[in-house]
Every structure is written in C-alpha cells, then in structure tokens.
Amino acid sequence: MITLDTSEIIEITRKQMGKVMNLYPVELKFTDDFGRERPAADHKFSLTNQHYSAKVMDCILENEVRPVLMCEIIYFLKCEYIDGIIDLRLDYDFRKGFEQNPLATAVVSFDDDVKLEREELADLIDLALQMNDKGWFEELSQKYMELQA
C-alpha cells in the first residue's frame, strides 16, 4: 500500500497530463468551485471517489484555465500505478478560511493476495523444505492447514 500526499498527487497529475493529454500546465491548484453553494464558515466535508464528476482542480495553462475533475485525477493516478486500486480523498475545512486548499490523500493498494490450491501449496512446502527456509515453510504450512479446515 502506498499513501500519496497533496504535493505527490499534483506532481503525478502534472506528469500524466503531459503524457496522456499533451498538456503542460503553468500551475495546478485545487479548488472549492465544484458546483455547490458556498458552505458555512464552520463547515468541514470530504470528497471521495464517489464524487467522480466533481471539479476539484484548476489547470492553469498559458492562455486558459481548464477544469480538472475528480475522475481525471483518479485516472492519472491509475496511469502511474497501473495495477493499483486508487482511493482519493480531498478534505475541505472552511473553519480555517475559504482560501485554504484541501488536504489531498490517495491510498494506492494492490490486490496481490495469491490464491493457491492444496496441491500447489504442498509443492511449495516441499520446496521450502529443500531450501531449508523455516519461515517460508511455517507460513505455507499455516495456509495449508487453513485450507483443510
């Protein structure tokens, strides 16, 4: 599992915009202009992957400003971590003022849990014994016992 912070998300977005869209922004900045009424000054809320079509960033180019949607950032992160499962979260806290950028985090996880059949585990246990790898032998034996239960 990899956790990315705001600056890392912006850098990956910048990099992938160049690769995928041939866009080279002068600046990328998060925004709170995503089609909702201005929240109360004491309000906190979060946007996640389910807010797929929310405008969350401005891409400032030399002659124009282009909106960047949540789904585009998820896509750019997915381009960087092809086998990754991306969970993007933007936390807005207007108690600190309306000009505050959100705290952006992305968790990239990988489904690398290998499912082995009993026969395959038995073969690997034999290999661990031949290699004199006690730790691996114990790990594989535990999985074998769980399959038999």
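Student: Is C71 buried or exposed?
Tutor: This is a predicted model, in which local features need pLDDT of at least 70, side-chain atom pairs count only at pLDDT 80 or more, and totals for chains, interfaces and linings use all residues. Residues are numbered from 1 along each chain as its sequence is written, and side-chain values use heavy atoms, with hydrogens and water left out. Buried means under 20% relative accessible area, exposed over 50%, and partly exposed in between (1.4 Å probe, protein chains only). C71 has 17% relative accessibility, so C71 is buried.

Student: And which class does C79 fall into?
Tutor: The relative accessibility of C79 is 23%. That value makes C79 partly exposed.

Student: How many disulfides are there?
Tutor: A disulfide is a covalent bond between the sulfur atoms of two cysteines. The rule used here asks for a pair of cysteine sulfur atoms within 2.5 Å. By this rule, the number of disulfides is 0.

Student: How many salt bridges are there?
Tutor: Side chains of opposite charge can pair when their charged atoms come close. To count as a salt bridge, a side-chain nitrogen of Lys or Arg must lie within 4 Å of a carboxyl oxygen of Asp or Glu. By this rule, the number of salt bridges is 6.

Student: Which residue forms a salt bridge with K15?
Tutor: The closest N and O atoms of this pair are 3.0 Å apart. The bridge links distant parts of the chain, 65 residues apart, from helix α1 (residues 6-21) to helix α2 (residues 70-80); helices (H or I, at least four residues) and strands (E, at least two) are DSSP runs, numbered from the N terminus. K15 is partly exposed at 39% relative accessible area. Its partner, also partly exposed with 27%, is E80.

Student: Are R66 and E72 buried or exposed?
Tutor: These two side chains form a salt bridge, with their closest N and O atoms 2.6 Å apart. D58 and K55 also meet in a salt bridge, at 3.0 Å from N to O, and both of those residues are buried. As for R66 and E72, both are buried.

Student: How is the ring pair of F45 and Y92 classed?
Tutor: Rings of Phe, Tyr and Trp (its six-membered ring) pair if their centres lie within 6.5 Å; planes under 30 degrees apart count as stacked, over 60 as edge-to-face and the rest as tilted. The whole structure has 2 aromatic pairs. F45, in strand β3 (residues 44-48), and Y92, in strand β6 (residues 84-93), are 47 residues apart. Their ring centres are 5.2 Å apart and their planes are at 15°, so the pair is stacked.

Student: Which residues touch the most other members of the largest nonpolar core?
Tutor: In soluble globular proteins, nonpolar side chains tend to be buried together. A nonpolar core is a set of buried Ala, Val, Leu, Ile, Met, Phe, Trp, Tyr and Cys residues joined through side-chain atoms within 4.5 Å. The largest one has 30 residues, and the members touching the most others are V56 and I73.

Student: Which element gives the largest share of this core?
Tutor: Elements giving two or more residues include α1, β2 (27-30), β4 (55-60) and β7 (103-110). The largest share is 5 residues, and it comes from α2.
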